[in-house]
Amino acid sequence: MNMMNAINAIAIITVITAAGMKKMRVRGMGGARVRGVRVARPFALLLICGGLFLLALSLVSCGGGAAEQSPGADAGQAGQTEKAGQAEQAPGSGAASADGAGSADGSGPLDGADGGLIVVGFSQVGAESDWRVANTKSMKAALSEANGFKLILTDAQQKQENQLAAIREFIAQKVDYIVLAPVTEQGWDETLKEAKAADIPVILVDRMIQTSDDSLYTCWVGSDFRKEGETAVAWIKEAFSGKDRLVIVHLQGSLGSSAQIGRTEGLDAGLGANAAWELAVRESADFTQVRGKEVMDRILKQFGRIDVVYCENDNMAFGAMDAMDEARRSYGVHGETAIVSFDATRKGLEATLAGKINYNIECNPLHGPRVAQIIRQLENGAVPGKLAYVDETAFDAATITQGEIDARDY
Ligand code: GYE
């Protein structure tokens with residue numbers, strides 16, 4: 001490469017010198033220096049030819065050199081170019097667009113300093129529930145091109161291995177941010193270390209991870225699942241106070257996920273504190289309606305008396321209700337079995353208003369605007385809170401109104 005540069009320099013200097021001499025000759029026409037120029041004319045022509053020859057030689061050589069470059073070297077160069085762009089967008093660079101559209105508080109659209117979009121790789125769990133579908137919709141709407149983002153969305157089909165592969169792909173693509181909705185809590189450290197080494201901030205949404213190194217993620221936004229469980233337990237306690245026996249069936253979400261762990265912990269605390277409560281059976285139905293029905297079909301064959309079905313999300317509650325309909329078992333406000341559910345999606349609330357679900361604990365899936373705001377904060381050099389819990393409520397079949405359902409965004 002140095003050799004080529006040297007040849008290039010010599011060639012250019014030669015051509016310029018020779019051209020300069022030619023110019024002198026033109027200026028010198030009829031002047032005192034005509035003689036000298038006359039003497040220099042053949043020499044100038046020689047220099048021009050020689051210079052042009054060297055220039056041509058260096059151009060040919062450079063072309064050959066590029067073709068010989070390994071793909072790795074090419075990728076390295078491309079990476080550097082992108083990196084420069086990224087550096088301009090890095091946290092702390094104050095990359096709000098010149099027109100002030102992106103503000104420090106994170107409101108308004110943002111433009112990368114290079115005029116490009118902020119590239120966000122989002123590894124979504126799947127499409128297992130209405131909650132999840134609403135969550136994906138929210139992320140897509142907030143991280144839109146109109147808002148200054150390019151969203152790369154991947155659906156992991158509820159498999160951690162797919163999420164690990166997606167994160168590695170995002171790293172290879174040199175995205176600006178990685179957003180991860182982790183399917184389970186364990187098993188992220190190795191891959192997140194790779195993201196950290198690549199200097200890509202990781203924002204966790206919805207569920208949490210367990211790690212000994214908190215620096216592996218920038219921040220998290222989601223729900224307090226344990227608190228949701230405790231809210232459910234408080235209602236059960238109140239609704240069945242005075243009963244000397246309470247038979248509970250527990251449909252769990254995907255095992256190892258924060259939503260399952262927190263909601264199960266809440267129930268376990270209730271079981272521990274209330275001597276009359278009896279856990280008949282607990283089984284995972286993976287947060288889906290289909291599995292909810294399958295699992296409940298089996299349970300109904302095994303257990304006659306069931307006072308409460310504690311479903312860790314609306315879709316499993318729908319599945320349980322399908323199974324109970326088929327088995328002609330009554331449930332809900334006027335039935336033998338009370339149903340407690342989580343999420344409070346629109347369909348879940350409709351079932352609550354209809355008295356089929358007795359109590360529904362809200363879990364808010366609208367994380368898109370929250371994630372967009374976090375990214376804007378980072379772009380503007382602000383430090384978002386490490387953990388952000390979303391405010392949530394709960395709906396009782398006895399008091400829910402149509403107005404509350406109408407006001408629902410999901
Ligand atoms: O409750 C369930 C979804 O992690 C909060 O996952 C989320 C849960 C939600 O599939 O419906």
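In what order do the six strands of the open sheet with parallel pairing run? The order is E2-E1-E3-E4-E5-E11. The model examined here is predicted. The protein holds 13 helices and 12 strands. Of its 410 residues, 41% count as buried. Contacts between residues 24 or more positions apart make up 74% of those with a separation of 6 or more.

Strand E1 pairs with E2 in the parallel sense, over seven bridges. Within this pair, Ser123 stands opposite Thr154 of E2. How many of the seven residues of E1 are buried? Seven of the seven are, so E1 is largely enclosed by the rest of the structure. Both of its faces are covered. One side carries Ile118, Val120, Phe122 and Gln124, while the other carries Val119, Gly121 and Ser123. All of these residues are buried.

Strand E4 (residues 202–206) is also mostly covered, with five of its five residues buried. Strand E3 (residues 177–180) pairs with E4 in the parallel sense through three bridges. Here Ile178 stands opposite Val202 in E4. Four bridges then join E4 to E5 (residues 219–222), again in parallel. In this pair, Leu204 has Trp220 of E5 as its bridge partner.

A second open sheet is also present. Six strands form it in the order E7-E6-E8-E9-E10-E12, with mixed pairing. Strands E7 (277–284) and E12 (394–396) stand at the edges. Each has a single partner strand, so one side of each is left without a neighbour in the sheet. Strand E8 (residues 308–311) and E9 run parallel and are joined by three bridges. Tyr310 has Val340 as its bridge partner in E9. Helix H9 (residues 289–302) lies across E6 (246–252), E7 and E8. Helix H9 runs at about 150° to E6.

Attention now turns to the ligand. A shell of 13 residues surrounds the ligand, and the closest are Ser129, Trp131, Ala259, Phe287 and Asn313. Two elements give two or more residues to this shell: helix H4 (130–142) and strand E9 (338–343). By type, the shell divides into five nonpolar, three polar and five charged residues. Where does the ligand lie relative to domain 2 and domain 3? Residues of the shell come from both domain 2 (111–223 + 370–378) and domain 3 (225–363 + 394–406), so the ligand lies between them.

Two loop residues complete the picture. Ser254 is found in the loop between E6 and helix H8 (258–273). Is Ser254 buried or exposed? Ser254 is buried, because 23 other C-beta atoms lie within 10 Å, and the cut-off for burial is 20 or more. Beyond residues up to four places away in sequence, Ser254 touches Gln158, Val183, Gln260, Ser284, Asp286 and Phe287.

Gly332 has its place in the loop between helix H10 (314–326) and E9. How does Gly332 count, with 19 C-beta neighbours inside 10 Å? Gly332 counts as partly exposed, because burial needs 20 or more other C-beta atoms. Leaving out residues up to four places away in sequence, Gly332 touches Ile339, Gly355, Lys356, Ile357 and Asn358. Gly332 and Val309 are 23 residues apart along the chain, and 9.9 Å separates their C-alpha atoms.

How values were computed
Residues are numbered from 1 along each chain as its sequence is written. This is a predicted model: local features need pLDDT of at least 70, side-chain atom pairs count only at pLDDT 80 or more; totals for chains, interfaces and linings use all residues. A residue is near a molecule or strand if its C-beta atom, placed from the backbone, lies within 6 Å of it. Ala, Val, Leu, Ile, Met, Phe, Trp, Tyr, Cys and Pro count as nonpolar, Asp, Glu, Lys and Arg as charged, and the others, Gly among them, as polar. Domain bounds come from an automatic or database domain assignment. Two strands pair if DSSP finds at least two bridges between them. Two residues are in contact if their C-beta atoms, placed from the backbone, lie within 7 Å. Axes are lines fitted to C-alpha atoms, for helices over the stretch in contact, and angles run from 0 to 180 degrees between N-to-C directions. A residue is buried if 20 or more other C-beta atoms lie within 10 Å of its own, exposed if 12 or fewer, and partly exposed in between; C-beta atoms are placed from the backbone.
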